[in-house]
Amino acid sequence: MDIEKKINDGDLKEGDKLPSERELTRTYEISRHGVRQALTVLKEKGLIKITPGKGAFITSYNEDILTESFKRVAQKYDSTIEEILEVREELELSVISKAVLKATPKDIDTLIEICKEMDQVIDVSGFLECDLKFHKALADASQNCIFAALVHSFFEMTEESPFSLTKYTSNFLDIISKAQKQHWVMIEALKTRDQDLAMKTMTEHMELFREEVDFLRSKNINFKEVR
């Protein structure tokens, strides 16, 4: 069946209904069992949605599919928080290195607006929500949609851990104040196209999370319970 190719080529678009199983069996000259298996694979890939009694429909790209894949990998290998942080740091450094070179004035304005919003936030949960918006916008500024998708999925996967651990440590480490100052420095680095400043600041930004992890380790807090 060439349905996946037709979706990727744009011949089949979001909302389009696929032919019935009987029609697909005739068209592709395969058994109904084979058709059902193929439809199951398309569903698992997030390409179609099957509604009982109505049929199969083409769906739009859903970043949650990528997120679920990351979750399965992390669970399969029983990844530690330190390993997740290591991956995030590499991703964020790659993102900002590209953003310094490619960020448009509109991208920078978006980041400024988010930072201004963060300046007004007084609770940890609100700050974390804005922090997520900031890093997504930074990824968009790289002009690489793959980076943007990865950042979105990575944050979704780790929304409750380890990065929301700030909820447990902000009273002790003053994470929010330090992180916000670094956000403004990153924006300045983008404005001036200062690669060294951008990379240095992002590295320091990631170090804040390591401080959180070290603090929680010292208190013998169970990370899986935090998650």
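A salt bridge is defined here as a side-chain nitrogen of Lys or Arg within 4 Å of a carboxyl oxygen of Asp or Glu. By this rule, the count comes to 11 salt bridges. The model is predicted: local features need pLDDT of at least 70, side-chain atom pairs count only at pLDDT 80 or more, and totals for chains, interfaces and linings use all residues. Residues are numbered from 1 along each chain as its sequence is written, and side-chain values use heavy atoms, with hydrogens and water left out.

Helices (H or I, at least four residues) and strands (E, at least two) are DSSP runs, numbered from the N terminus.

Lys45 lies in the loop between H3 and E1 and Glu4 in helix H1, so the pair ties together parts that are 41 residues apart in sequence. Lys45 is partly exposed, at 42% relative accessible area. Glu4 is also partly exposed, at 30%. Helix H1 holds another pair, Asp9 and Lys5. Their closest N and O atoms are 2.7 Å apart in a salt bridge. The two residues are 4 apart in the helix, about one helical turn. Asp9 is partly exposed at 44% relative accessibility, whereas Lys5 is exposed at 54%.

A further salt bridge links the side chains of Lys178 and Glu211, with an N to O distance of 3.8 Å. Lys178 lies in helix H10 and Glu211 in helix H11, so this pair ties together parts that are 33 residues apart in sequence. Lys178 is partly exposed, with a relative accessible area of 35%. Glu211 is partly exposed at 25%. Salt bridges also link Glu21, Arg32 and Arg36 in a network.

Helix H3 spans residues 32-44. The expected span of a helix is 1.5 Å times one less than its number of residues. For the 13 residues of H3 this gives 18 Å, and the end C-alpha atoms are 18 Å apart, which agrees. Val35, Leu39 and Leu42 are the buried residues of H3. They cover an arc of only 55° around the axis, which puts them on the same side of H3. The arc is that of the directions from the helix axis to the C-beta atoms. An α-helix has 3.6 residues a turn, so residues three or four places apart point the same way. On the other side of H3, His33 and Glu44 are exposed. The buried residues of H3 pack against helix H1 (3-9), helix H2 (21-28) and strand E1 (48-51). Just after H3, Gly46 takes a positive phi of about 80°.

A nonpolar core is a set of buried Ala, Val, Leu, Ile, Met, Phe, Trp, Tyr and Cys residues joined through side-chain atoms within 4.5 Å. The largest such core has 41 residues, and Ile96, Phe134, Leu138 and Leu190 have the most contacts inside it. At least two residues of this core come from each of helices H5 (81-102), H6 (105-120), H7 (124-140), H8 (145-157), H10 (175-192) and H11 (195-218). H5 supplies the largest share, 9 residues. A second, separate core of 12 residues includes Ile7, Val35, Leu39 and Ile48.

Contact means heavy atoms within 4.5 Å. Leaving aside neighbours within four places in sequence, Phe134 is in contact with Leu111, Ile114, Cys115, Met118, His183, Met186 and Ile187.

Glu89 is placed in helix H5. Glu89 is buried, at 14% relative accessibility. With neighbours within four places in sequence left aside, Glu89 is in contact with Thr203, Met206 and Arg210. The side chains of Glu89 and Arg210 make a polar contact at 2.7 Å. A polar contact is a pair of N or O atoms within 3.5 Å; within protein, one must be able to donate a hydrogen and the other to accept it, and residues adjacent in sequence count only if both atoms are side-chain atoms.

Two residues other than glycine have positive phi values. Glu29, in the loop between H2 and H3, has a phi of about 55°. Glu29 is exposed, at 72% relative accessible area. Gln143, in the loop between H7 and H8, has a phi near 65°. Gln143 is partly exposed, at 44%.

Methods. Buried means under 20% relative accessible area, exposed over 50%, partly exposed in between (1.4 Å probe, protein chains only).
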